[in-house]
Each structure stands twice: as structure tokens, then as C-alpha cells.
Amino acid sequence: MTEPIKTDVLIIGAGPCGLFAVFELGLLDMKAHLVDILDKIGGQCAELYPEKPIYDIPGVPYVSGHGLVEALLAQIKPFKPTFHLNEMVEKIERIGAPAFRVTTDAGKVFECTVVVISAGGGSFQPKKPPIPNIEAYEGKSVFYAVRRMEAFRDKTVLVVGGGDSALDWTLNLAPVAKRLTLLHRRDAFRAAPASVNKMRALVAAGAIDFALGQVTALEGEGGMLTAVTARRDDGSTFAIAADAMLPFFGLTMRLGPIADWGIKLTDGGLIPVDTAAFETSVPGIFAVGDINSYPGKLKLILCGFHEAALAAQKAVHRFAQPILRARLRV
Ligand SMILES: Cc1cc2nc3c(=O)[nH]c(=O)nc-3n(C[C@H](O)[C@H](O)[C@H](O)COP(=O)(O)OP(=O)(O)OC[C@H]3O[C@@H](n4cnc5c(N)ncnc54)[C@H](O)[C@@H]3O)c2cc1C
């Protein structure tokens with residue numbers, strides 16, 4: 001077996017909530033290592049919307065997904081966290097009370113006093129619309145995330161969906177695209193009402209188009225889209241010109257190995273926690289951010305930050321006092 005890496009805390013997932021957990025734990029003198037499946041730090045902010053503006057971070061009127069990750073990294077720099085990217089945590093074993101051995105798929109082994117799970121939606125995969133031959137267009141003219149808004153400059157863009165991602169990208173890409181159409185199967189949205197109102201104002205001003213229907217076929221060659229066929233509820237069809245399509249049908253959560261970690265899960269594969277400490281059913285293992293579940297839970301970065309603060313307090317007071325006392329004696 002590889003020589004174990006000893007650390008106070010092992011954080012599973014380097015999304016915004018895992019990063020802020022480093023800060024809250026660091027203030028309490030607890031050192032952290034972080035493991036993430038992705039090749040980059042920042043979770044959904046980095047992977048799904050690096051250029052999208054975020055408006056709901058307290059005291060920060062505007063920051064992009066990438067900007068928030070950069071700011072969090074600057075904030076935690078004094079605590080010198082160690083990142084292990086491109087690795088998935090596969091196994092957590094209890095080896096003390098509390099002490100854990102955590103193993104990644106690369107065979108790396110950690111021994112720690114506290115585990116913080118900030119694994120978001122597990123490994124997130126976009127839900128794909130059931131359109132024949134869509135695979136041929138993926139990554140060329142059909143995209144499930146916007147990594148660079150400039151890639152859509154002067155393109156005829158079709159955004160499909162009615163949730164926050166569809167509305168956010170409609171608003172953000174409208175000034176960049178040559179022409180943008182939002183297509184949704186009904187005239188009701190699951191997105192924030194303010195975004196829906198802004199979208200309707202753009203439609204009323206003639207700046208973008210809104211159409212009702214569902215995409216049934218793609219037209220184009222060599223993976224490059226030229227138009228789509230959409231079907232209305234009454235069965236009639238119509239064409240929409242598009243050289244880029246962005247379907248936003250949500251993300252499926254591939255829970256992955258979390259199901260085997262001996263932690264109680266909800267039917268939906270989330271981790272139930274108490275709201276005093278955000279601790280899981282296993283003492284010493286905490287869960288913060290999108291992965292956890294409790295009455296009134298909101299999947300917002302702001303909520304994950306709050307959860308990380310309380311989890312860190314509980315972790316240090318309940319589990320790490322001996323470690324801290326030992327350090328103070330040195
Ligand atoms: C398009 C879009 C726009 C959004 N806009 C906003 C907004 O404006 N404001 C807001 O507050 N929220 C917004 N959100 C939601 C916000 O991004 C999430 O609430 C936030 O990312 C949750 O952070 P997290 O750290 O819990 O999880 P994530 O960001 O999902 O990060 C979890 C990380 O854990 C890793 N991981 C999972 N399983 C393992 C494993 N077994 N081993 C190792 N690593 C693992 C994943 O690879 C991932 O990097 C938006 C979401 C989307 C999709």
C-alpha cells in the first residue's frame with residue numbers, strides 16, 4: 001500500500017464550497033487536502049459556467065464563475081491547501097474514533113481526523129435531449145455548457161430549455177450572438193422570475209426570439225449545424241436557423257462511489273445532514289454544498305459557504321481538540 005498522506009481534514013470535491021471549507025477550517029488551524037475528479041479547481045463554476053456572471057455573493061455585486069474561483073483561491077492561499085486533481089475518492093474506511101482512511105482511484109491513501117464531502121452533484125453529466133444523431137454535433141456545434149462566450153460571437157444561437165441555465169445563457173449571449181432564439185416546450189419557466197422578466201423584455205424589444213416547441217431533428221454537415229426542426233404541441237413543425245445549439249435540460253447526478261461509503265443517503269442520492277453542524281450519519285464526516293439535503297435546502301453557493309462555516313466549528317471543537325492541544329504544547 002502507498003504511504004498514507006496524513007492530514008487533519010480531507011475534502012472531497014474542490015468546488016466553491018470545498019474551497020471555502022478550507023478557509024473556515026484554516027481559521028481554526030486545521031490543514032486540508034482536497035481531491036477532485038476534474039482536472040481543474042472550481043467545480044461547477046469552473047466546468048459549467050466560467051464566464052457567467054454571479055450576482056448573489058454577499059458584498060460582491062458581480063463576479064464570473066472563474067473570477068469567484070480565483071478569489072476563493074486567493075482567500076485560502078495562507079492556509080496552503082494541497083490539491084489532488086484528476087482523482088476520484090473511491091473508499092472511506094473508519095480506522096478510529098474519529099479517524100478515517102480515504103483512498104482514491106489513483107491508489108493514493110489519506111489518513112485524517114475529519115472528512116468533508118463537498119462533492120456537489122457527484123460527477124455531473126448533462127441530460128441530453130433525445131434527438132437522432134445529436135452525438136455527431138456534440139462539441140462542434142451542440143454544447144451542454146458555455147466555457148467561452150466569445151465562441152458564440154456573431155453566431156446564430158439556439159438556446160433550448162426553461163430553467164436557470166437556459167435563461168442565464170439567453171441573457172448573457174444575447175449581446176454576443178448575431179441572433180438568438182430561446183426555445184422551450186411551454187410558456188412557463190422554472191428559472192428565477194427576474195431572469196424571465198428580462199428575457200421577455202428582450203423579446204418585446206425585438207432583440208431576441210422566443211419559440212414554443214421541442215427540437216426533433218438537426219440539419220447540417222460534418223457536425224456543423226445549419227438549422228433544427230422543432231415540433232409544436234399540436235404536431236405541426238417549423239424550422240429554426242442555428243449554427244450553434246445549447247440544450248440545457250439539467251444535470252444528472254452520477255453519485256459514483258459515494259453510495260458505498262456507509263453514509264445514510266436520501267432516495268434521491270443526497271446526504272442528509274443536521275443543520276447545526278452539517279454532519280452526516282457518520283460522526284466525523286460532514287457534507288456541505290449541493291450534495292447535502294435538509295429541510296429548506298437551496299443549491300446556492302451562499303448556502304454552501306454558511307454550511308462550511310458551521311461544519312468547521314463542529315469539526316474542530318468535537319474532533320480536533322487533541323490535535324490542536326498537542327500543537328500548542330510544541
Ligand atoms: C449554469 C449554472 C449557473 C449557476 N449560477 C449560480 C449563481 O449565480 N449563484 C449561485 O449561488 N449558484 C449558482 N449555481 C449553482 C452553484 O454552481 C452550485 O450551488 C455550486 O457549484 C455548488 O458547489 P459545491 O462545491 O457544493 O459543488 P460543485 O461545484 O458541484 O463541485 C463539486 C466537485 O466535487 C467533485 N467530486 C464529486 N465526486 C467526487 C469524488 N468521489 N471524488 C473527488 N471529487 C469528486 C466534482 O468533480 C466537482 O468538481 C449555478 C449552477 C449552474 C449549473
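Visitor: How far is the polar side-chain atom of Lys-52 from an oxygen atom of the ligand?
Guide: It lies 3.2 Å away. Keep in mind that this is a predicted model.

Visitor: And Gln-44, what's the distance there?
Guide: A polar side-chain atom of Gln-44 sits 2.8 Å from a ligand oxygen atom.

Visitor: What about Tyr-49?
Guide: An N or O atom in the Tyr-49 side chain is 2.5 Å from an oxygen atom of the ligand.

Visitor: How much of the ligand does the protein bury?
Guide: The protein buries 93% of the 1000 Å² that the ligand exposes when taken alone.

Visitor: Which elements give two or more residues to the shell around the ligand?
Guide: Helix 1 (16-27) and helix 2 (43-47). Helix 1 gives the most, with three residues.

Visitor: Which residues come nearest to the ligand?
Guide: Asp-36, Gln-44, Tyr-49, Asp-290 and Ile-301, out of 33 residues around the ligand.

Visitor: How do the residues of that shell divide?
Guide: There are 16 nonpolar, eleven polar and six charged residues.

Visitor: Switching topic. What volume does the second largest pocket have?
Guide: About 240 Å³. Its lining has 17 residues, and Val-160, Arg-185, Gln-214, Val-215 and Phe-249 are the closest to its centre.

Visitor: Which elements give two or more residues to that lining?
Guide: Strand 11 (179-184) and strand 13 (214-221). Strand 13 gives the most, with three residues.

Visitor: And how does the lining of this pocket divide?
Guide: Eight residues are nonpolar, six are polar and three are charged.

Terms used
Residues numbered from 1 in each chain as written. Predicted model: local features only at pLDDT ≥ 70, side-chain atom pairs only at ≥ 80, totals over all residues. Heavy atoms only, no water. 1 Å grid on protein atoms, 1.4 Å probe; cavity = no way out; pocket = protein on both sides within 12 Å on 5 of 7 lines; lining within 4 Å. Points joined across faces, edges and corners; volume = space filled by probe spheres on them. Helix = DSSP H or I, 4+ residues; strand = E, 2+ residues; numbered from the N terminus. Nonpolar A, V, L, I, M, F, W, Y, C, P; charged D, E, K, R; others polar. Near = heavy atom within 4 Å. Polar contact = N/O pair within 3.5 Å; in protein donor to acceptor, adjacent residues only side chain to side chain. Areas by Shrake-Rupley, 256 points an atom, 1.4 Å probe, with all protein chains shown as cover.
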